[in-house]
Amino acid sequence: MLVLGGHAYRFEGHAIVSGDDRIADASGATPPSLRIEADWVRFQAALDQSAVTVLGRLGHEANPNRAGRNRLVLSSAARGVERRGDAWWWNPAEASLDQALSASAPEGGLVAIPGGMRVFDLFLAVGYDAFHLTRVADVSVPDGTPLFSTVGRAHGADEVLAAHGLRPAARERLAPGAWLTIWRTDTATA
Ligand SMILES: NC(=O)c1ccc[n+]([C@@H]2O[C@H](COP(=O)([O-])OP(=O)(O)OC[C@H]3O[C@@H](n4cnc5c(N)ncnc54)[C@H](OP(=O)(O)O)[C@@H]3O)[C@@H](O)[C@H]2O)c1
């Protein structure tokens, strides 16, 4: 939670990962085995509730904004915070998160974070109020992109989330072998 100019922002991450906590394969694409219809429907509904969705340039380009949602796209090529025809664009090396949010979602509200990896990393440092993590246990993605850059042999995504103050608060089976866990801070409301 962040309050700017009297407006509150809540930060919620969303990801679907393989059993080895990968969001994309070695080519950088999300494998079909990580496309679970119930997860997709739930994810889209959550994005509809958001004031702004924050994603990396590759995810933005790979997923056209057909719903016309308010997007904030990270890129090292953006000049600070810029309004372009397709989205707000943000370069964190040139402008602060406060500046990016004040421009893209001036009234506050839910900030939905669909990633990818560096974007998920950045908001670990900011602090997630919640993280919606679906895991497809029997899928393995060798050499894929991890959910967080620190996910590897030593620890998985659950340990990273726990180390950043989140706890599993709800668990739901979305499909055979696919489980959603909603991680929340101890102070976060449902
Ligand atoms: N399974 C899932 O839940 C999930 C979630 C997210 C994404 N994906 C998939 O994963 C693939 C892409 O993920 P990805 O992690 O490789 O890429 P990504 O986050 O979508 O995009 C990476 C790009 O975003 C920009 N960026 C990210 N963080 C930045 C920062 N702190 N400062 C400046 N620029 C930053 C950079 O753009 P520039 O090169 O322009 O500087 C970087 O090359 C796509 O196929 C996507 O659909 C899956």
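Two strands count as paired here if DSSP finds at least two bridges between them. Strands β11 (residues 166–175) and β12 (residues 178–185) of this predicted model pair in the antiparallel sense, over eight bridges. Within that pairing, Ala 170 stands opposite Ile 182 in β12. The two strands form a hairpin, with two residues between them. Gly 177 sits in the turn and has a positive phi of about 80°.

Now turn to the ligand. The space that the ligand takes is the largest pocket. Around the ligand are 23 residues. Gly 28, Arg 57, Gly 59, Ser 75 and Ser 76 come nearest. By class, the shell has twelve nonpolar residues, nine polar ones and two charged ones.

Which elements each supply at least two residues of this shell? They are β2 (7–18), β3 (22–24), α2 (57–62), β8 (109–115) and α4 (117–126). The largest share comes from α4, with four residues.

Next come the polar contacts, which are pairs of N or O atoms within 3.5 Å. At Ile 16, a backbone N or O atom lies 2.8 Å from a nitrogen atom of the ligand. At Leu 74, a polar backbone atom is 3.4 Å from an oxygen atom of the ligand. At Gly 116, a polar backbone atom is 2.9 Å from a ligand oxygen atom. The ligand on its own has 910 Å² of accessible area, and the protein covers 84% of that area.

Stay with Gly 116. This glycine is found in the loop between β8 and α4. Both of those elements each supply at least two residues of the ligand shell. The peptide bond from Gly 115 to Gly 116 is cis, with omega near 5°. Most peptide bonds are trans.

Where is Asp 21 found? Asp 21 is in the loop between β2 and β3. Its phi is near 60°, a positive value in a residue other than glycine. Most residues other than glycine have a negative phi.

How values were computed: Residues are numbered from 1 along each chain as its sequence is written. This is a predicted model: local features need pLDDT of at least 70, side-chain atom pairs count only at pLDDT 80 or more; totals for chains, interfaces and linings use all residues. Side-chain values use heavy atoms; hydrogens and water are left out. A residue is near a molecule or strand if one of its heavy atoms lies within 4 Å of it. A polar contact is a pair of N or O atoms within 3.5 Å; within protein, one must be able to donate a hydrogen and the other to accept it, and residues adjacent in sequence count only if both atoms are side-chain atoms. Accessible areas come from the Shrake-Rupley method with a 1.4 Å probe; for residues, only the protein chains shown count as cover. On a 1 Å grid over the protein atoms alone, a cavity is a set of points where a 1.4 Å probe fits but cannot get out, and a pocket is an open set with protein on both sides within 12 Å along at least five of seven lines; lining residues have an atom within 4 Å of a point. A molecule sits in a cavity or pocket if more than half of its atoms lie within 2 Å of its grid points. Ala, Val, Leu, Ile, Met, Phe, Trp, Tyr, Cys and Pro count as nonpolar, Asp, Glu, Lys and Arg as charged, and the others, Gly among them, as polar.
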